[in-house]
Amino acid sequence: MPSFYTAALVGSMVLLASQVQGFLDRTQVTPASFSVEEPPAARVAAPARAHLDVAKADDFEIVLERSGFDLNNIRGGSDLVPAVYLASLPGDLGSLDQIKRKKQLFFSAVLPLVLRANEKVARERVRLIRFQDRVLDGAQLRPVEREWLLELADRYGLDAAGAEIDSVLFATLLPKVDEIPVSLALAQAAVESGWGASRFARNGNALFGQRAWTEKAGIVPKERASGEKHVVRKYDSLLGSVASYVHNLNSHPSYRDFRLRRAALRTAGRALDGNVLAGGLLSYAEIGQAYVDTLRLVITKNRLSDFDGAVLERSLVTVSG
């Protein structure tokens, strides 16, 4: 986003963080990122069947209670995360006055979606490592396996046409095909969407402020400077926004440092750490380090690292507004 409002927005958020309890509970008008864009990942549709109306926060709280969704127990590791997938955020979420309630509902809405998007990538990574081990042992992949691998390479921006299936291909792909720390994804969603209050989140299911370059693909920022063409990309569902965000961090050249830091943690046998990997997102916003500091403060203030080991339940609760 243009620096004249991005810098002011996140700069003020960092200042408030050092002075005000409950920091970052304000809403924001525009996302903080300038959102260098992927080509978009393949669209991930929200589950199609709608069972309950969650147009309001009160309705969502009923869904959470009936599903046994308890953030405190999830934090402590005693509960799995019920697979409650909202198509859109409750319409009144951003206007709630009770800060703790707003945060609880926001994290409850976004957490299962992040876990679901991460699970998809994790399955691909497991399969990729299995294929790598076979190839390095001298085995040949079957045609259907080779086709899957080359399609994966193409999706992550590699030139798959005529590519050799060798150690170089796997070494290039593996740092890209990996999960995003849940704590980091939750923090970015909160900052970029103003805790669900931004009109991009409300009207376009856009949690991460990613850009597009055609009017029909998104929502025009009110502060867009004359002559600029970008819009904030809109999505059919919240899951589409989360999946696109994950793919963006995993594929765009601007986030190479993020991926290198993540690969280093993997090599060292360490768990993925949102605070550490936030340092690889200097390019996500024009103000660079101030944005990274903001994310780290959101992670710390809200104890979001508690969710990095969260696991989804396998039963499915499908909800749309």
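Colleague: In which loop does Trp195 lie?

Modeller: Trp195 lies in the loop between α7 (182-193) and α8 (199-204). Helices here are DSSP runs of H or I with at least four residues, strands are runs of E with at least two, and both are numbered from the N terminus. Before we go on: this is a predicted model, where local features need pLDDT of at least 70, side-chain atom pairs count only at pLDDT 80 or more, and totals for chains, interfaces and linings use all residues. Residues are numbered from 1 along each chain as its sequence is written, and side-chain values use heavy atoms, leaving out hydrogens and water.

Colleague: Thanks! What is the phi of Trp195?

Modeller: The general idea is that most residues other than glycine have a negative phi. Trp195, although not a glycine, has a positive phi of about 60°. Asn205 is also not a glycine and has a positive phi of about 55°; Asn205 sits in the loop between α8 and β2.

Colleague: Is Trp195 buried or exposed?

Modeller: Buried means under 20% relative accessible area, exposed means over 50%, and partly exposed is in between, with a 1.4 Å probe and protein chains only. Trp195 is buried, with a relative accessible area of 2%. Asn205, at 6%, counts as buried too.

Colleague: Next, salt bridges. How many does a search of the whole structure find?

Modeller: In general, side chains of opposite charge can pair when their charged atoms come close. The criterion is a side-chain nitrogen of Lys or Arg within 4 Å of a carboxyl oxygen of Asp or Glu. By that rule, the whole structure has 13 salt bridges. One of them joins Arg101 and Asp58, with the closest N and O atoms 2.6 Å apart. This pair links distant parts of the chain, as Arg101 is in helix α4 and Asp58 in helix α2 (residues 57-67), 43 residues apart. Asp58 is partly exposed, at 47% relative accessible area.

Colleague: Which residue forms a salt bridge with Glu145?

Modeller: That is Arg142, with the closest N and O atoms 2.9 Å apart. Glu145 is buried at 4% relative accessibility, whereas Arg142 is partly exposed at 49%.

Colleague: And why are Asp257 and Arg261 separated by about one helical turn?

Modeller: Because they are four residues apart in helix α10 (residues 256-267). Asp257 is partly exposed at 35%, and Arg261 is partly exposed at 30%. Elsewhere on our list, Arg125, Asp178, Arg262 and Arg266 are linked in a network of salt bridges.

Colleague: Which residues form the negative surface patch?

Modeller: A patch takes residues with over 30% relative accessible area and no salt bridge, joining like charges within 9 Å and nonpolar side chains (Val, Leu, Ile, Met, Phe, Trp, Tyr) within 5 Å. Here, Glu147, Glu151, Asp154 and Asp159 form a negative patch. Asp154 belongs to helix α5 (residues 143-155) and is exposed, with a relative accessible area of 51%.

Colleague: Last one: what is the strand order in the open sheet?

Modeller: Two strands pair if DSSP finds at least two bridges between them. The three strands run in the order β2-β4-β3, with antiparallel pairing. β2 (211-212) and β3 (218-219) each have a single partner strand, so one side of each lacks a neighbour in the sheet. Two bridges join β2 to strand β4 (residues 231-233) in the antiparallel sense, and Arg211 stands opposite Val232 in β4.

How values were computed. Accessible areas come from the Shrake-Rupley method with a 1.4 Å probe; for residues, only the protein chains shown count as cover. Lys and Arg count as positive and Asp and Glu as negative; His and the chain ends are not counted. The place of a charge is taken as NZ of Lys, CZ of Arg, CG of Asp or CD of Glu.
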